[in-house]
Amino acid sequence: MPPWSQNYDPLGNPLFSTLIASAPVIILLGSIALLKIRIHIAALIGLVAAFAIATALYRMPLDAAVAASLFGAAFGLFPIGWLLLNVIFLYQLTVKRGHFEVLRDSLAGIAPDPRIQVILIAFAFGAFLEGMSGFGAPVAITAAILIQLGFRPLHASGLALIANTAPVAFGSLGIPVITLAQVTGLDVHLLSATVGGQLTFFSFLIPFWVVAAFAGWRGMLGIWPAALAAGVSFAIPQFLVSNFVGPALVDIVSGACSIAAIILLLRFWKPKTVWRFDGDGTVREEHPHEAGSAPAHGATPRHGARKIFQAWMPWAILTAFILCWGMWKEPLQRLSPAKFKMPHLHLAVQRVPPIVPQATPEPAEFKLDIVSATGTGILLAAITAGLTMGFAPLVLLKTYGETIWRVRFSLLTIALMLALGYVTRYSGTDATIGLALAHTGQLYPFFGTMLGWLGVALTGSDTASNVLFGSLQKITAHQLGISPVLMGAANSSGGVMGKMVDAQSIVVASTATNWYGHEGDILRYVLFHSLALAALVAVLVYCQAYIAPFTHMVPQ
């Protein structure tokens, strides 16, 4: 049976087709942010809308639409849900053992101000984790740590999401850029260099931005040397490694350099005004360096070296396991090469020009890489840490069951979100939206960058966005006489700013902070930052396309 060909203008009018293709996303985001419907219900409503539009208007075969829904839901549960479940399991173990107070106090001894803690944990350490794993692990882990440090759930969730932007394009050992090169046929080193050049500006900016989002302009100015040290020490290695080495080690090297720079700076410099959390999550200002100032209210308790070691040990074990899983991914994949072709969907749907150069059947293979999955490494790290903390095996098993119950709605939501995303992908509704942005003429460098943002906001993945729109970016760039390397890179660079508003990332953050049900609050908190940063990337790309000296930034 020949594959079903996608139709990107089912209503015979590009404007109306684009509006109807946008309906599921509008319904989903409106239900969450405006109507404040519980997110798993909103996801179900969005999925029903996407399914109805795909089958009734786009004429997608019913069996293929059902298969796409199941395929997306399966991917949502594994590897994304699997990773989230095991991060929360480790977090629950640390809470049960009472280590979070010691963790908070010991970190306060290194970085006593929550404004600096945001930079150190959410930005620098989060980037290091992004380089090793991706798939939501940085947001889940850093948000959980920020909660332990005394941040309110909204701030812990939102700041972890905002900070997890500039590193995303080089996450999971550079997979997004490597995949973009495979999809487009463009040189991977040229793409790596261009993405690295674009994101260098934003890697420098994000530490200032994330602190300003938390503390305001005045609060940010109080710790500007820490933000400067973090940004410079991240941006320079990011540029050098992406331009002269390749995409694989960019985040790991840059994140490690940024962590080291912050810690080194704090040995010689402290902010004049130190912010501290009260018990209810509000902040107060102290002036420890002023002559005659009173002793700090609620001074940080001192803990013995043994207690501090025990408090940090679970997270150190986690980091070591994630690093090993990232570096040994290919050998581990050979231990569990399970791959299942999705019935009624694998090669049963084909993309057609102008989305791709020629009609191409879409693969639909579910990879059950249980051994190499980052979530499995996190589970083994949690078990190892639990046994080291003195938990009996039965207690670990009981806690794991409690964790499954705690995240049950989060897992359901992620499954529904990915089902919606896969229905839009295989039906072609996402391509309809993409083509609308592609018809913007000379403004295409701006809107093409926003297309990358849209791709990540829809799919939750910079890699998936590059697969989705990479070929379209290349084709449109050739037609307009713009560098295809520039627009391919713009898809990835613009996409990273959409990571903070994609629904599954928000669910990961809300679950990690035990704030499930408040996803609308998180979305409203991060939406402006996402759009503003994406627009700034788009302006930079526009300048790189037409305005000297920015045009010289694009490798030839």
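User: Why is C257 called partly exposed?

Analyst: C257 has a relative accessible area of 31%. Buried means under 20%, exposed means over 50%, and partly exposed is in between (1.4 Å probe, protein chains only), so C257 counts as partly exposed. This is a predicted model, in which local features need pLDDT of at least 70 and side-chain atom pairs count only at pLDDT 80 or more, while totals for chains, interfaces and linings use all residues. Residues are numbered from 1 along each chain as its sequence is written, and side-chain values use heavy atoms, with hydrogens and water left out.

User: What makes C543 buried or exposed?

Analyst: The relative accessible area of C543 is 14%, so C543 is buried.

User: Why is α9 called roughly antiparallel to α10?

Analyst: Helix α9 (residues 188-221) and helix α10 (residues 224-244) pack at an angle of about 170°, with axes 8 Å apart. Angles under 35 degrees count as roughly parallel, over 145 as roughly antiparallel, 65 to 115 as roughly perpendicular and the rest as oblique, so α9 is roughly antiparallel to α10.

User: What makes K36 buried or exposed, and where is K36 placed?

Analyst: K36 lies in the loop between α1 (14-33) and α2 (39-57). Its relative accessibility is 61%, so K36 counts as exposed. Phi of K36 is near 55°, a positive value in a residue other than glycine.

User: What is the peptide bond from P353 to P354, cis or trans?

Analyst: That bond is cis, with omega near 10°. Most peptide bonds are trans.

How values were computed
Axes are lines fitted to C-alpha atoms, for helices over the stretch in contact, and angles run from 0 to 180 degrees between N-to-C directions. Helices (H or I, at least four residues) and strands (E, at least two) are DSSP runs, numbered from the N terminus.
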